[in-house]
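Keep the sequence and the structure open as you read.

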Amino acid sequence: MTESVVVDHVSKQFTLQNARTLKQRLVRRVEGQETNPKFVALDDVSFTVEQGEAIGLMGLNGSGKSTLLKLISGVLRPDSGSVLTRGRIAGLIEVTAGFHPQLSGRENIFLNAAILGMGETEVQGKFDEIVEFAGIGRLLDTPVGRYSSGMFARLGFSVAAAVDSDIFIIDEVLAVGDPPFKKKCIKRIKQVRDEGRTIVFVSHNTTQVKRLCTRAVVLEEGRLGFDGSVADAVHHLRYDDDTDEDGDGGEI
Ligand SMILES: Nc1ncnc2c1ncn2[C@@H]1O[C@H](COP(=O)(O)OP(=O)(O)OP(=O)(O)O)[C@@H](O)[C@H]1O
Ligand SMILES: [Mg+2]
């Protein structure tokens, strides 16, 4: 087996900008509070993903999933520990990342693809496929700043999926797509998986994680809470009963 992503004792903290103005800083200092306290987003996280494995990265809001994806993709660096990846990485972390709102969909495809490491000829060869998949033909020459959030997500996913990457990371992008597009995305991700590429899939949707992944890693307040089968991860998270979304047993 070949290791594809190795997350080794990774920690990351952020500075919380609680006191932005001079007055706020003074007040905090007088009250004996720290002006800009640190927040630990990831705390000593370690796990390895083998080449061709599809893992779900799960956890409650704020548990550190997107931060970890940013470290894997190299957008952020860990404070301590290391992240090693083998091969080209593509994917979608933040829907609007790598897009310019005033440029058209057409221009943004070239811009975003370049950011993802595709050459101009490679993009030209895949341009029609990207537009077709996104279903944005009508909006191709409209500035993307005027796209609906779903349309934005479609475009981002389509470009990312067109890159021949070894590692494909997806952060909850399917949440804003409509059901037919979600279905198309799942099919595409399955294809990517069946091509033997590594997948790190962030989602709160247990059905999607079960469909796509064979293993799940759960983050809990920045720490590794669980690493094992998807079914056990879902149980660990108490996400078992997805149908009763508000957890009140179906009462109105
Ligand atoms: N640049 C930043 N500066 C300060 N705090 C940050 C920054 N980025 C993330 N955080 C904090 O780190 C924590 C983890 O955030 P992260 O976005 O990784 O969570 P997540 O698991 O992706 O959550 P969600 O399910 O809501 O997407 C949060 O408390 C967040 O507020
Ligand atoms: Mg997130």
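Predicted model: local features only at pLDDT ≥ 70, side-chain atom pairs only at ≥ 80, totals over all residues.

Q: Does Thr121 count as buried or exposed, and what is the reason?
A: Thr121 sits in helix 4, residues 120–134. Thr121 has 8 inside 10 Å, so the label is exposed.

Q: What distance separates the C-alpha atoms of Thr121 and Leu60?
A: Along the chain, Thr121 and Leu60 are 61 residues apart.

Q: How many residues of helix 1 are buried?
A: Helix 1 covers residues 22–30, nine in total, and is hardly covered. Just after this helix, Gly32 adopts a positive phi of about 75°. As for buried residues in helix 1, the count is zero.

Q: What is the strand order in the open sheet of three strands?
A: Pairing in this sheet is antiparallel. Strand 2 (38–50) and strand 4 (80–85) each have a single partner strand, so they stand at the edges, with one side of each lacking a neighbour in the sheet. On average, neighbouring strands are turned by 20° against each other, direction ignored. The order is 2-1-4.

Q: Which residue of strand 2 is the bridge partner of Val5?
A: Strand 1 spans residues 3–15 and runs antiparallel to strand 2. Nine bridges join the two. Across from Val5, the bridge partner in strand 2 is Val49.

Q: Which element gives the most residues to the shell around ligand 1?
A: The residues around ligand 1 include Phe14, Phe39, Gly62, Lys65 and Thr67. Two or more residues come from each of strand 2 and helix 2 (65–73). With three residues, the top contributor is helix 2.

Q: How many residues of the shell around ligand 1 are charged?
A: Gly counts as polar here, and Gly59, Gly62 and Gly64 are among the residues around the ligand. The shell holds seven polar residues and four nonpolar ones. The charged count is one.

Q: Which valine is in contact with Ile169, leaving aside neighbours within four places in sequence?
A: Contact requires C-beta atoms within 7 Å. On that basis, the partners of Ile169 include Leu69, Ile72, Ile89 and Ile93.

Conventions. Residues numbered from 1 in each chain as written. Chains lettered and ligands numbered in written order. Pairing = 2+ DSSP bridges. Helix = DSSP H or I, 4+ residues; strand = E, 2+ residues; numbered from the N terminus. Axes fitted to C-alpha atoms, helices over the stretch in contact; angles between N-to-C directions. Near = placed C-beta within 6 Å. Contact = placed C-beta atoms within 7 Å. Buried ≥ 20, exposed ≤ 12 C-beta atoms within 10 Å, placed from the backbone.
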